[in-house]
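Subject: Structure for your files

Hello,

Here is the structure I said I would pass on. My notes on it follow below.

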Amino acid sequence: VDAQISQLELSLREGFDRSIRWEVETATSMLERIDALKVDGTLTPEQANAIAKTLLRELRYNKDGYFWADTITGDNVVLLGKDSEGKNRIDALDAKGYPYAKNIIANGMKDGGGYTDYWFPKAGADVPLPKRSYSLLSKPWGSVLGSGSFLADIKVIVTEKRAHAFEAMYAVLA
């Protein structure tokens, strides 16, 4: 049973990683199309910039999924319209002192992007939880786009499956 649960957890983590990567890649391709409209003269640079920021800020997936963008020097461009927009967060630390913004940007600048693990509270909460993000450089915009989710969602599923597996095993033994 433990081997099956471990395999389930591994599959869920791989699916989780694949999902957030695909979401960020989709958002990046949207920004590439807006850049193409700027390059061909359909949009002015100001129009393209405003549209890109608005669409990225409002773009959602699943229940709570959203996106952010930071310049490669750490200036936040988009983050849900929060106060951090326009401010530099390169030195921002998570609840355990890890420089998450710096690492999200560094991992996003790698060929093919990358993942970053850090601790962060959910919206409206104070307790930091493990979070995993994927980030990718949008070359035309010079910004690193990212999105992520809390790993607690995987742990909930694994805990439920483990409990059901042991219930089934004990029912057979009884």
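**Arginine 89 and its surroundings**

Leaving out residues up to four places away in sequence, arginine 89 touches Trp68, Asp70, Gly74, Asn76, Leu79, Tyr100 and Ala101, where contact means heavy atoms within 4.5 Å. This is a predicted model, in which local features need pLDDT of at least 70 and side-chain atom pairs count only at pLDDT 80 or more, while totals for chains, interfaces and linings use all residues. Residues are numbered from 1 along each chain as its sequence is written, and side-chain values use heavy atoms, with hydrogens and water left out.

Arginine 89 sits in the loop between S2 and H3. Helices (H or I, at least four residues) and strands (E, at least two) are DSSP runs, numbered from the N terminus. With a relative accessibility of 12%, arginine 89 counts as buried; buried means under 20% relative accessible area, exposed over 50%, and partly exposed in between (1.4 Å probe, protein chains only).

**Salt bridges**

A salt bridge here is a side-chain nitrogen of Lys or Arg within 4 Å of a carboxyl oxygen of Asp or Glu. The count by this rule is six salt bridges.

One of them joins the side chains of arginine 89 and aspartate 70, at 2.9 Å from N to O. Aspartate 70 lies in strand S1 (residues 68-71) and arginine 89 in the loop between strand S2 (76-79) and helix H3 (100-108), so the pair ties together parts that are 19 residues apart in sequence. Both arginine 89 and aspartate 70 are buried.

Arginine 132 forms a salt bridge with aspartate 17, with the closest N and O atoms 2.6 Å apart. Since arginine 132 is in strand S4 (residues 128-138) and aspartate 17 in helix H1 (residues 2-39), the pair ties together parts that are 115 residues apart in sequence. Arginine 132 and aspartate 17 are both buried.

The side chain of arginine 132 also meets that of aspartate 117 in a salt bridge, at 2.8 Å from N to O. This pair links strand S4 with strand S3 (residues 114-121), where aspartate 117 is found, 15 residues apart. Aspartate 117 has 40% relative accessibility and therefore counts as partly exposed, whereas arginine 132, at 17%, counts as buried.

S4 is largely enclosed by the rest of the structure, because eight of its 11 residues are buried. S3 and S4 run antiparallel and are joined by eight bridges; two strands pair if DSSP finds at least two bridges between them. Tryptophan 119 stands opposite proline 130 in S4. The hairpin of S3 and S4 has six residues between the strands, and glycine 124 takes a positive phi near 80° there.

S4 also pairs with strand S5 (residues 143-150) in the antiparallel sense, over eight bridges. Leucine 137 is placed opposite valine 144 in S5. Four residues lie between S4 and S5 in their hairpin, and glycine 142 in the turn has a positive phi of about 65°.

**Nonpolar cores**

A nonpolar core is a set of buried Ala, Val, Leu, Ile, Met, Phe, Trp, Tyr and Cys residues joined through side-chain atoms within 4.5 Å. The largest has 22 residues, and those with the most contacts inside it are Val24, Leu31, Ile34, Leu56, Phe67, Trp141 and Leu145. H1, helix H2 (45-58), S4 and helix H4 (152-173) each supply at least two residues of this core, and H1 gives the most, with seven. Apart from this core lies another of eight residues, among them Tyr66, Leu79, Ala92 and Ala101.

Regards
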